[in-house]
Amino acid sequence: SSNNILSLQKDNHLIWLATFGGGLNLLDTKTNQFKAFRSIEGNPNAISSDYLYSVLKDSKGNIWAGTNNGLYKIKPDGTKINYLSNTSKSNTTAPKFVRSLYEDSRGNIWIGSENSPLVFFDPKKDKFMSLSNLRGTGRIFSSIIFSITESPKNIIWVGTDDGNVQLTKDGGKNWTNFRGKIAGMPVGAWIPQIRASRYHAGEAM
């Protein structure tokens, strides 16, 4: 339904596509058939926006889609859930403008956004946990969180639109910022992707 694809997720013979303006698309590579999940006014089970930036399949088989109007989840049984930023208290809900999604080794879903704090979803508590986003505390501050990944020992890396590459070793309580400390990387450059080492804790490229 759109040629503007910003993210994709392979799911066996299925491919989920996050499109900008065309909703969440699903391609069945066996039948070569497309299915589009589009926003429908007044339908609470429909995706909240057709403008998507990220899509993720987690270890439990849930499909997560990040939009410019909240987070959308499709469970393995077909149940659909919209997580909107205005449905509960700000520290227990998904951000409105979701840019990036990542599942860590503990099953938490990390959610990077635009103009909102970094958030993760704890499936054991069935709750969103919002992390402090205040400048000067050593924690994450940025207008856009583009990339999230993990290296061994539960080290989480985050990349932003203003050149910050940060890591946390304690689930987001404290952060180390490598801005200006990485050879060859211009200060203030966008960080759209981080590739963390799968073997060495604290290494990424």
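**View 1. Tyr53 is a buried residue of strand β5.** Its relative accessible area of 15% makes Tyr53 buried, because buried means under 20% relative accessible area, exposed over 50% and partly exposed in between (1.4 Å probe, protein chains only). The model is predicted: local features need pLDDT of at least 70, side-chain atom pairs count only at pLDDT 80 or more, and totals for chains, interfaces and linings use all residues. Residues are numbered from 1 along each chain as its sequence is written, and side-chain values use heavy atoms, with hydrogens and water left out. Strand β5 covers residues 52-57. Helices (H or I, at least four residues) and strands (E, at least two) are DSSP runs, numbered from the N terminus. Leaving aside neighbours within four places in sequence, Tyr53 is in contact with Leu6, Ser7, Ala18, Phe20, Gly66, Asn68, Phe97, Val98 and Arg99. Contact means heavy atoms within 4.5 Å. Ser7 is 46 residues from Tyr53 in sequence, yet their C-alpha atoms are 6.4 Å apart.

**View 2. Aromatic rings form a cluster around Phe20, Tyr51, Tyr53 and Phe97.** Ring pairs link these four residues. Rings of Phe, Tyr and Trp (its six-membered ring) pair if their centres lie within 6.5 Å; planes under 30 degrees apart count as stacked, over 60 as edge-to-face and the rest as tilted.

**View 3. Tyr83, Phe121 and Phe128 make two tilted pairs.** The count of aromatic pairs comes to ten. In one of them, Tyr83 and Phe121 have ring centres 6.2 Å apart and planes at 45 degrees, so the pair is tilted. Tyr83 sits in strand β8 (residues 80-83) and Phe121 in strand β11 (residues 119-122), so the pair links parts of the chain 38 residues apart. Tyr83 and Phe121 are both buried. Phe121 also pairs with Phe128, again tilted, at 4.8 Å centre to centre and 55 degrees between the planes. Phe128 is buried too, like Phe121.

**View 4. The largest pocket has a volume of about 430 Å³.** On a 1 Å grid over the protein atoms alone, a pocket is an open set of points where a 1.4 Å probe fits, with protein on both sides within 12 Å along at least five of seven lines. Lining residues have an atom within 4 Å of a point. The lining holds 19 residues, with Ser100, Leu101, Phe146, Ser147 and Pro192 nearest the centre. Strands β1 (5-11), β5, β9 (98-103) and β13 (145-151) each supply at least two lining residues. β9 gives the most, with five. Ten lining residues are nonpolar, six polar and three charged.

**View 5. The second largest pocket holds about 310 Å³ of space.** Its lining has 15 residues; Arg106, Asn108, Phe120, Asp122 and Gly171 lie nearest the centre. Five are nonpolar, three polar and seven charged.

**View 6. Asn12 and Asp126 have positive phi, although neither is a glycine.** For Asn12, phi is about 60 degrees. Asn12 lies in the loop between β1 and β2 (14-19). Asn12 is exposed, with a relative accessible area of 63%. For Asp126, phi is about 55 degrees. The loop between β11 and β12 (127-130) holds Asp126. Asp126 also counts as exposed, at 57% relative accessibility.

View 7. Buried residues make up 46% of the 205 residues. Among contacts between residues at least 6 apart in sequence, 41% join residues at least 24 apart.

Conventions: Grid points are joined across faces, edges and corners, and a volume is the space filled by probe spheres set on the points. Ala, Val, Leu, Ile, Met, Phe, Trp, Tyr, Cys and Pro count as nonpolar, Asp, Glu, Lys and Arg as charged, and the others, Gly among them, as polar.
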